[in-house]
Structures are given as structure tokens and as C-alpha cells.
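Visitor: Could you walk me through this one? I have a few quick questions.

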Amino acid sequence: MSENLFSVLKTNFPEDLNKTFLQQPGEPVLTYGGLVERSGQFANAIVALGVKPGDRVAVQVEKSIEAMILYVATVRTGAIYLPLNPAYTISELRYFLGDAEPTLVVCKPESRDGVAELVAALPGCALETLMAGGGSLVEKAAASPGAFTDVPRAADDIAAILYTSGTTGRSKGAMLTHGNLFSNVEALKASWRFSADDVLLHALPIFHTHGLFVATNLTLRSGSSMIYMPSFDADTMLREMPKASVMMGVPTFYSRLLTKPGLTREATAGMRLFISGSAPLSAEVHKEFSARTGHEILERYGMTETNMNTSNLYDGARIPGSVGPALPGVEVRITDLKTGESLPRGEAGGIEIRGPNVFKGYWRMPEKTKEDFREDGFFKSGDVGYMDEDGYVYIAGRSRDLIITGGLNVYPAEVEAALDAIPGVAESAVIGVPHADFGEGVVAVVARRSGAALDEDVIRDALKDQLAKFKQPKKVFIVTDLPRNVMGKIQKNMLREEFAKTFD
Ligand code: AMP
């Protein structure tokens, strides 16, 4: 039997294909039947452009209904879907296209001229455009038949390549198979009790694992519906919330919603689940959200290479500051960063993952792939953390963010949790920067809540009895905002650069 992701998901589509798959507020509904028909048209159009199974289809477009249809269509053809952040510049794109050697590039109409120069260097590569309601590919699809037979795939065939953000060196293409994506959607559906009755608020980008695979595949797998927003806007979310049952967000969605007086028990009464991931959700935001709405946010942990790994429980404890135990079928272990030995519960070390969710390897980087996997198949995630007696995982940060000061390890997440609990602190980032005596010195960068009176002394005082001396920041900077990327991750590399000379 074919294990083409779309063919498998389709077996669970609603009997009534007139059911809404997605609706963008103010736009006509895309039904399940419409999705099958239009993705068939797109699939025929891209095959006519020369795309064969295993070829890469690189897509750099804004979020739109057409972009969603193109994802589904590409999977149906057996080609490899390769979404790229629309914010990448032409010079950044040069690397991705050169590395992936796609057969088709789909870009925004306004970037066509710049992209055409890059495509000219790729033999046999076609270039088309796509935007909401138009573009050359959309026109070609409209003139193509809707009937399309999904190309059979094995579970081990690649469905998508997602480039990692590459904050340390070259960005790497993570090869995700049809089997990886399907196994993860099964685990999430069971864990989060997704059903055909759900309506998901979708305001995430769709070039990243969270909005593309977690949100979209789960909706398709459950035969449920989504309210599909071009981007996140707290007021629009609150307006649409009465029609929804589930929201998936990055932590900034939650902190922004908390600034709105309209976020109340009544406004969220129809919701059954709020999920957070892609970056650490502070325990403060978790508690504040719960006090305001009565809902405990369910935090989960995943990454581009592995899909989702752990999740707090739907029916059990949702612990603020923890990302929960391993999902069904996923194994998580903590190992000594130097020796690779498994560590007992409670001790911090490298987080390693094994399971059907874990990617096949980095595109055209066999050496790097080998380096990042243990011989017994565990993937070294690059995250550091520990597991408690109940198997709940606590993330301390990326291993490259770990601070070694005077030979002692400081886990940024622990110091950040203490900072976030200080009244007047909106959020914080703790980094290590060069220090002549200690190797690295601990620096805290703290964003103040508007109107709060906060200075370095107040913060130092608050931490004095809470953290061992070596963990206490040697310097505290107060800022208005922390730099974040579109997935809500704090850009610590930027902060390390900015504050590199603190101890000179
Ligand atoms: P990405 O590949 O862009 O999805 O980034 C994955 C990384 O984001 C992980 O390796 C973690 O460092 C971080 N991350 C994802 N979810 C969480 C979470 N719930 N808490 C803390 N860090 C997270």
C-alpha cells in the first residue's frame, strides 16, 4: 500500500466533502472536496512543468490558501516540498537553491526578477509565481484538470526538506519522510484528542514545522477545520475565538493576548485547548493565562529535525516550565555532554531522541548527519535539559547557549525563570559573554513591563537569595524588547554580539 502522506490522510477525510477544511476570515471557504480538486489541478500543473517524484519544489511565498494547496499538491506528486521563509533575501536564497537544486521554484510575483537570475543557473529548473488569488502557477493550475492519482510513496521516501535556521554555521536541509510526518500526526492526534469537531485557530507561518506539519497535518488527519489567518493579530484572534476550539501558538502569541483586556474566561469559554511550542513558554505567562482564562496552556517540545518529541498531558499534569513526557512511540534520554553516557533522572545533559518521528538526515551532508546520530539511532538534539522522576522533560536551553563560568555550568533557563518571576520583568534572556577571569561571564538582558520601575539593583536584590552566586548575572541590561525571530525564539546570538564587550 502506498504511504504517500496525502493518500493516508485522505482515508480520514470527512464523508461529506462539503465540510470546511479552512476558512480565511472574509474569504470563501475551502472545503475538503475543494482541496482535493484544487490540489489535483496544482499537481497536474507542476507535473506538466517537469516535476518528477523525488524532485525538489522550492517555495518562497506569503501565507495564502494557494500556498497551502501547493503544499498538498507537491506531496501528492511524490516530489519534495521545500518551503522557505518569505523574509529571506535573494542572496540568502542563492544558497538554498544552489544546495537543493530544485526542478521548480515558486516565488512571490514581486521577487520574480531577482529569483529568475538564480534559477537561470539551475539547469532545467522552472520558475512560477504565486500569491493570494493569483500568480502564474495559480493560472496554470486553474487551466488544468482536477483529477490526479497520488504517486505511491514508501514511508521512507522524502516528503519535505526544511532548512534549519542555521544560527551556528550553514543552514542544513532536514529530510523528513512521509513516515516521519504521519507517525507524528498519529501521536499528536491521540495525545491532544483531536477530532472532526475541532476548529483550529491557525495564525502561524506555514514554512516551519509548527504551522505546516503540526497544525495542518493534524487538521487533515482529524477531518477537522481551521480558521486560517495570514498572520497573528491579537484582536483578530479574540474576534475569531468564539468559533474555534483549539489554538496553537508560539509563546509570544500568549504574551500578546495577555495584553488585551478582552482575554477573559468568557472569551475563551468555547475553547478546549491552547497549545504552545517552538520556544520556551515562561512559567509566568502560563500562570497568568490560567488565572485570566481558566485554561492551562499545554506546552510541547519539538524541532525541525524530529517533529514533536514531548508534550504535557491532556488529561494529566501540565507543568509550567516543563515540556512534558515523551509522546507515544518517541524515546527521549538525557546524556552526559562529554561522555555520551545516559544520566540518571534529575541530572542535566544533552537531550537525545529516537523514534519514527526523527528525520532521515541532512540533505547532502552525510558527515554532519553521522556526527549528530549515535550508533544506536538516537539523534543529538543540541538541546540541554533534564527529566524528573515522572519522565517530564525540562529544557535548559540549546547546548551552545549553556554558560560555563569559572568552570561551572549555568543553565540559562534557570536564571531566566528567576528573572521572569520578578515583578516588572516582561521577559529575559541570559547569555554568556567573554570574561577575562571566568572564561564566560553571566549577563542578563531584561525587558521591562511598560510603566514598571526596574533597575539593575532591584534585580540583583531579588536574585540574591534565590540563586548560587556563580549563577547570578554579573551585569544586567534593561531593554524595551528582546530580539525574536518569526517563531518567537529569542535571538541569543544577536545579544551575544551586542553585549560581547561587557567585561572588556
Ligand atoms: P525549530 O527547529 O526551529 O523548530 O527549533 C527547535 C528548537 O526550538 C528546539 O531544539 C528547542 O531548542 C526550541 N524549542 C521548541 N519547543 C520548545 C519548548 N516548548 N520549550 C523550549 N524550547 C523549545
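Visitor: Which residue is the bridge partner of Ala160 in E8?

Guide: The partner of Ala160 in E8 is Leu176. Strand E7 (residues 158–163) and E8 run antiparallel and are joined by five bridges, where pairing requires at least two bridges found by DSSP and strands are DSSP E runs of at least two residues, as helices are H or I runs of at least four, numbered from the N terminus. This is a predicted model, in which local features need pLDDT of at least 70 and side-chain atom pairs count only at pLDDT 80 or more, while totals for chains, interfaces and linings use all residues. Residues are numbered from 1 along each chain as its sequence is written, and side-chain values use heavy atoms, without hydrogens and water.

Visitor: And which residue does Ala174 stand opposite in E17?

Guide: That is Tyr362; two bridges join E8 to strand E17 (residues 361–362), and these strands run antiparallel.

Visitor: Is E8 buried or exposed?

Guide: Five of the five residues of E8 (residues 173–177) are buried (under 20% relative accessible area, with a 1.4 Å probe and protein chains only), so E8 is largely enclosed by the rest of the structure. Gly173, Met175 and Thr177 point one way, and Ala174 and Leu176 the other way.

Visitor: Switching topic, at what angle do H2 and H3 pack?

Guide: Helix H2 (residues 32–48) and helix H3 (residues 65–77) pack at about 65°, with their axes 8 Å apart, the axes being lines fitted to C-alpha atoms over the stretch in contact and the angle running from 0 to 180 degrees between N-to-C directions. They are therefore roughly perpendicular (65 to 115 degrees).

Technical notes:
Parallel < 35°, antiparallel > 145°, perpendicular 65-115°, else oblique. Buried < 20%, exposed > 50% of the residue type's maximum accessible area, 1.4 Å probe, protein only.
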